[in-house]
Amino acid sequence: MSTAFEAALKVRNAADYADFLFPHLHDDFHVLDVGCGGGTITLGLAERVAHVIGVDPSEGELADVRRYAAEHQIENVEFRVGSVYGLDFPSGNFDACLCHSTIETLSRPLDGLIEIQRILKPGGVLGVACVEYGGLILAGPNDEVIRRFYAVRERVWQLENAADPYLGRRLRGLLKRAGFERVIATAKYFSYGSSEDVQSFGLARAEDCRDPWYASSAKKHGLATAQDLDAMSEAWVEWSSSPEAYAAFAWCRALGWKQL
Ligand SMILES: C[S@@+](CC[C@H](N)C(=O)[O-])C[C@H]1O[C@@H](n2cnc3c(N)ncnc32)[C@H](O)[C@@H]1O
């Protein structure tokens with residue numbers, strides 16, 4: 001198994017990212033993780049419930065996690081290709097659903113939530129979460145350049161219809177509109193405040209500046225030149241070793257229960 005997958009399993013884990021759903025899960029539950037991506041959070045859910053199905057439109061995303069689950073004889077998890085707009089399950093099929101870091105990427109988030117509600121049992125619970133750019137906290141060197149990196153990323157997401165950086169704050173309203181009976185919205189901060197965390201966070205952002213999709217979109221929309229992107233990358237590298245550096249990101253979450 002690739003060490004990259006095992007590293008991702010440690011970083012992108014259910015204990016950190018799906019903790020808000022844990023108190024509402026029972027060990028006999030059948031759970032759907034929609035937009036499961038690499039499936040690292042899905043595996044963490046599988047440790048707590050009877051059965052989990054991870055669904056994602058991207059077959060390529062699922063290869064490593066399927067292999068990992070087979071190698072580790074994790075038999076209560078499966079991964080299927082599918083879309084939240086038309087889930088291939090009967091109505092009332094699942095006790096709970098997680099939709100993590102996916103709703104903000106949808107062009108029709110309300111339609112996705114309505115479809116999730118359909119496949120939940122009466123009384124079933126949805127946990128949905130996404131990052132919220134209004135909750136970004138940054139300190140350290142090169143403040144202006146580093147903030148520009150995020151300003152460019154936001155615009156790229158919007159112009160490329162890749163994601164809505166401000167959907168987190170609307171989760172409560174969206175779940176209500178989708179018909180969930182009881183909705184509770186919260187937020188959690190993820191902090192990068194130790195030398196190790198600052199270093200890995202900063203170096204990852206430096207890499208992001210070189211990401212072909214980010215770089216070509218930024219240039220295409222006239223948001224940054226190649227020189228700007230180099231300067232941003234260098235600014236992040238310097239930031240990553242500064243004792244003044246600190247970053248924190250708000251993740252908005254909402255729980256919604258389907259009517260009994
Ligand atoms: C940022 S990733 C999040 C993956 C995972 N939930 C996590 O938090 O690690 C967003 C995922 O949403 C998936 N996605 C995009 N459109 C979707 C759709 N219509 N239905 C289900 N998933 C979708 C993408 O393929 C991608 O894997």
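An oxygen atom of the ligand is placed 2.9 Å from an N or O atom in the side chain of R12, a polar contact (a pair of N or O atoms within 3.5 Å; within protein, one must be able to donate a hydrogen and the other to accept it, and residues adjacent in sequence count only if both atoms are side-chain atoms). The model is predicted, with local features requiring pLDDT of at least 70 and side-chain atom pairs counting only at pLDDT 80 or more, whereas totals for chains, interfaces and linings use all residues. Residues are numbered from 1 along each chain as its sequence is written, and side-chain values use heavy atoms, with hydrogens and water left out.

- A nitrogen atom of the ligand lies 2.7 Å from a backbone N or O atom of G35.
- At V84, a polar backbone atom is 2.9 Å from a nitrogen atom of the ligand.
- The ligand is surrounded by 16 residues, of which R12, G35, D56, V84 and H100 are the closest (a residue is near a molecule if one of its heavy atoms lies within 4 Å of it).

**Nonpolar cores**

- The largest nonpolar core has 59 residues, and L25, L43, Y150 and W236 touch the most other members; such a core is a set of buried Ala, Val, Leu, Ile, Met, Phe, Trp, Tyr and Cys residues joined through side-chain atoms within 4.5 Å.
- Apart from this core lies another, of 28 residues, including V55, L126, L174 and V183.
- Beyond residues up to four places away in sequence, Y150 touches Y133, L136, L138, F201, R205, W236 and F249 (contact means heavy atoms within 4.5 Å).
- In soluble globular proteins, nonpolar side chains tend to be buried together.

**Helix α5**

- Helix α5 spans residues 109–119, and P109, G112, L113, E115, I116, Q117 and I119 in this helix are buried; buried means under 20% relative accessible area, exposed over 50%, and partly exposed in between (1.4 Å probe, protein chains only).
- The cover over the buried residues of α5 includes β1 (30–34), β4 (94–100), β5 and α7 (171–178); helices (H or I, at least four residues) and strands (E, at least two) are DSSP runs, numbered from the N terminus.

**Two asparagines in loops**

- N76 sits in the loop between α4 (59–71) and β3 (77–81) and counts as buried at 18% relative accessibility.
- A polar atom of the N76 side chain lies 2.7 Å from the backbone oxygen of A46, and the side chain of N76 reaches the backbone oxygen of V49 at 3.1 Å.
- With neighbours within four places in sequence left aside, N76 is in contact with A46, V49, A50, H51 and V52.
- N142 belongs to the loop between β5 (120–139) and α6 (143–159) and is partly exposed, with a relative accessible area of 27%.
- A polar atom of the N142 side chain is 3.1 Å from the backbone oxygen of A235.
- Not counting residues up to four places away in sequence, N142 touches A235, E238 and W239.

**Cysteines**

- Zero disulfides are found in a search of the whole structure (a disulfide is a pair of cysteine sulfur atoms within 2.5 Å).
- The closest cysteine sulfur to that of C36 is in C99, 11 Å away, which is too far for a bond.
- C36 is buried at 9% relative accessibility, and C209 is buried with a relative accessible area of 2%.
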